[in-house]
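These are my notebook entries on one structure. I set down each item as I looked it up.

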Amino acid sequence: MKYLLSTLLIVILGTLASQADEAPKKATKKPARNASFEYRFSDDLEQTADSIERQKKWFRDAKFGAFIHFGVYSALEGEYEGRGSQHRYSEWIQVSAKMTADEYHRVAAKFNPSEFDADEWAKTFKDSGIRYVVITSKHHDGFALFKSMVSDYNIVDYTPFKRDIIKELSEACHRQGLKFGVYYSQAQDWDEPDAPFIAPRFDGLHKVIHPDLPDDFEPDMDRYIAKKGLPQVEELVKNYDLDLIWFDTPRDMNMERVKLYSDMVRKYRPDCLINSRIIHSGKGKIEASYLPYYDYVSIGDKEVPTRKLPLYFESPDSVSSSFGYKTKGNCYYHTPEEMLHRFVHTVCAGGNALINNGPMGNGKLDPEAVRLYGAIGDWLEVNGESIYGTVRNPLEQRPEWGDISASKDGKTLYLHILHSPESEAISLSDLPSVATSASYLANGEKAKFSQQEDSLKITLPAKPLSEYDTVVKVNF
Ligand code: H79
């Protein structure tokens, strides 16, 4: 009996094991999506000379931008009638809570951020060391934060607030010496049945949002672009002093559609930067044929590079797990240390950090976002030399104790000590030249160093001089 039982057990376990063996085989049939940086950026890619010139006017030196997600969704804070809060992005509430167009319109018609003060926003950004601002002029919900003759679904014509946020903020930013740009959802527009909707976890989204659509309705993206997308982009580039335009989620974009948008921007604003999401999702392979139609590469949402990148780029990060203001359900904020480390790694990889905040429905900035910007700003006040106007780490390796940025002339390295090393010293090898001096940005005092051939050793102070990142400036 005992023998029989154990044989049975072996047989059962054997069957389970063979099933377990089979599982990964099934999974490998579907090729894993390759989103590595090596796959996305082939080494022979180069932006056009025009794009590099546009980048060099201000973008490459700026490093720190404020992204702003603000709109009808800000007032819902990630939940509508008890639904939708399980999803991470509050700006997606219309989809997460399966709101019909009528329901969302009713919320929009009450949107009244009466405490909005553009000068207060711009001053807060400026005081935190931010150099440019990019705000949602229209997100996927289709609602515009600017006066539009193309669609009355905009803040001036549709709400009791009646003021043009894009106009007020662009002027306030320029008064503070900040560059100003807008986000515009060129492909997705949930208010327009002709536009493509992307929501992998929701089938039949068109019918959920627009229940009266006939069953045989055929979306026509070109009709949407002709009637709303392109004329609104024309309004933006004609009526506002834009330094940058930020497109997103390029579902169903093709060469013809990309050209329409890109040509429109360049016709009115030859210096205005265009980001890669006009055609590139952030995670796919970068196609050389599209490089003439945008100026720089946006990497993935909230993505921090793990290595330096061959093209100048921007990381759309956020102070929290959402972009729009969210208090309901799942959400977290980064700690000041995380935020600063993400920022420093991005700059050392050769890019800008566009760090998002979601203002509140009443028009005030989120105090938690202001606090996190402030932490970066305080650090920049002392250590800004290691960030603004620098270039990516020129050495082969990213060190385990942190990261490295460099002066444009290559004669100075900034060593960012993000993690206190186990020993009291850090070392750098494969250096192409000889160090002549070293000092701490935190207090200007000399740092103890020694070099043997191509290997440099720096003896660190007993305690880190800056809370999140002690910078050693080394001249060669
Ligand atoms: O504007 C911000 C995002 O709203 C936008 N890009 C940044 C800059 C963005 N659009 N789409 N996506 C990001 C990716 C889509 C995520 C989703 Fe979901 C996963 C949509 C549906 C499933 C999470 C879960 C959000 C809604 C449900």
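Which residue of β10 does I404 stand opposite? I404 stands opposite L415 in β10. I note that the model is predicted, that local features need pLDDT of at least 70 and side-chain atom pairs pLDDT 80 or more, and that totals for chains, interfaces and linings use all residues. Residues are numbered from 1 along each chain as its sequence is written, and side-chain values use heavy atoms, with hydrogens and water left out.

I looked up β9 (residues 402-406) and β10 (residues 412-417). Strands here are DSSP runs of E with at least two residues, and helices are runs of H or I with at least four, numbered from the N terminus. The two strands pair in the antiparallel sense over five bridges; pairing requires that DSSP finds at least two bridges. Five residues lie between the strands of this hairpin, and G410 has a positive phi near 75 degrees. Five of the five residues of β9 are buried, so the strand is largely enclosed by the rest of the structure. Buried means under 20% relative accessible area, exposed over 50%, and partly exposed in between, with a 1.4 Å probe and protein chains only.

Entry 2, the sheet. I found an open sheet of eight strands with parallel pairing, in the order β5-β4-β3-β2-β1-β8-β7-β6. At its edges stand β5 (273-274) and β6 (297-298), each with a single partner strand, so one side of each has no neighbour in the sheet. I then followed β1 (residues 64-68), which is joined to β8 (residues 351-357) by five bridges. In this pair, G65 stands opposite L354 of β8.

I listed 16 residues around the ligand, the closest being H69, E91, H139, D248 and D301; a residue is near if one of its heavy atoms lies within 4 Å. The shell has six nonpolar, five polar and five charged residues. Asp, Glu, Lys and Arg count as charged, Ala, Val, Leu, Ile, Met, Phe, Trp, Tyr, Cys and Pro as nonpolar, and the others, Gly among them, as polar. An N or O atom in the side chain of E91 is 2.6 Å from a ligand oxygen atom. For H139, a polar side-chain atom lies 2.7 Å from an oxygen atom of the ligand.

I located D189 in the loop between β3 (179-184) and α10 (205-209). D189 counts as buried because its relative accessibility is 0%. The C-alpha atoms of D189 and F143 are separated by 8.7 Å, although the residues are 46 apart along the chain.

Definitions and conventions
Polar contact = N/O pair within 3.5 Å; in protein donor to acceptor, adjacent residues only side chain to side chain.
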